[in-house]
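Subject: A structure for you to look at

Hello,

Here is the structure I promised to hand over. Please open it and keep it in view while you read my notes.

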Amino acid sequence: MSVQGETKEKVRLHIRQPKHYRVIMHNDDFTSMEFVVGILIDIFHKDGAEAERLMLLVHHSGKAAVGEYPYDLAATKVQAASARAQEEGFPFRMTIEEV
């Protein structure tokens, strides 16, 4: 039953995937390779072989992308890694860039 003067409105939902951000690890001369591997395993959930491969890529190339995530997750991972580096006294640096 329709009420006089009632209008029907079509609603279109455009659901977009969230933007993804790449987490970049930067090489330095002080952070130990073991520490970087530990971060990759514990925080970025890489297996041992992948963590070693990424650590060597960072070491030889100066930097490397270690994952792509929605912004909040990328920022949380970088913050956790940075906090651990600070606790250990390493100048370890990571950045986030839009994919």
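How many bridges join strand 1 to strand 3, and in which direction do the two run? Six bridges join them, and the strands run antiparallel. Before you go on, note that this is a predicted model.

**The sheet**

Strand 3 covers residues 93-98. One of its pairs puts M94 opposite M25. In another, E97 of strand 3 stands opposite R22. Strand 1 is also joined to strand 2, by seven bridges, and these two run antiparallel as well. There, H20 has P70 of strand 2 as its bridge partner.

Put together, three strands make an open sheet in the order 2-1-3, with antiparallel pairing. Strand 2 and strand 3 are the edge strands, since each pairs on one side only. On average, neighbouring strands of the sheet are turned by 25 degrees against each other, direction ignored. Strand 1 is mostly covered, with five of its seven residues buried.

**The helices**

Helix 2 lies across strand 1 and strand 2. It runs at about 130 degrees to strand 2. Helix 3 lies across strand 1, strand 2 and strand 3, also at about 130 degrees to strand 2.

Now find helix 1, residues 33-42. Its buried residues are F35, V36, V37, G38, I39 and L40. What covers them? The cover includes strand 1, helix 2, strand 2 and helix 3.

**The salt bridges**

The whole structure holds five salt bridges. One of them joins the side chains of K19 and E98, at 3.7 Å from N to O. K19 lies in the segment before strand 1 and E98 in strand 3, so this pair ties together parts that are 79 residues apart in sequence. K19 is exposed, at 52% relative accessible area. E98 is partly exposed, at 45%.

Another joins E68 and R22, at 3.1 Å from N to O. E68 is in strand 2 and R22 in strand 1, 46 residues apart. Both are partly exposed: E68 has a relative accessible area of 43%, and R22 has 23%. R22 and E68 also belong to a network of salt bridges with E97.

E50 and R53 both lie in helix 2, three residues apart, which is about one turn of the helix. Their closest N and O atoms are 3.0 Å apart. E50 is partly exposed at 25%, and R53 is partly exposed at 44%.

Best wishes

Definitions and conventions. Residues are numbered from 1 along each chain as its sequence is written. This is a predicted model: local features need pLDDT of at least 70, side-chain atom pairs count only at pLDDT 80 or more; totals for chains, interfaces and linings use all residues. Side-chain values use heavy atoms; hydrogens and water are left out. Buried means under 20% relative accessible area, exposed over 50%, partly exposed in between (1.4 Å probe, protein chains only). Helices (H or I, at least four residues) and strands (E, at least two) are DSSP runs, numbered from the N terminus. Contact means heavy atoms within 4.5 Å. Two strands pair if DSSP finds at least two bridges between them. Axes are lines fitted to C-alpha atoms, for helices over the stretch in contact, and angles run from 0 to 180 degrees between N-to-C directions. A salt bridge is a side-chain nitrogen of Lys or Arg within 4 Å of a carboxyl oxygen of Asp or Glu.
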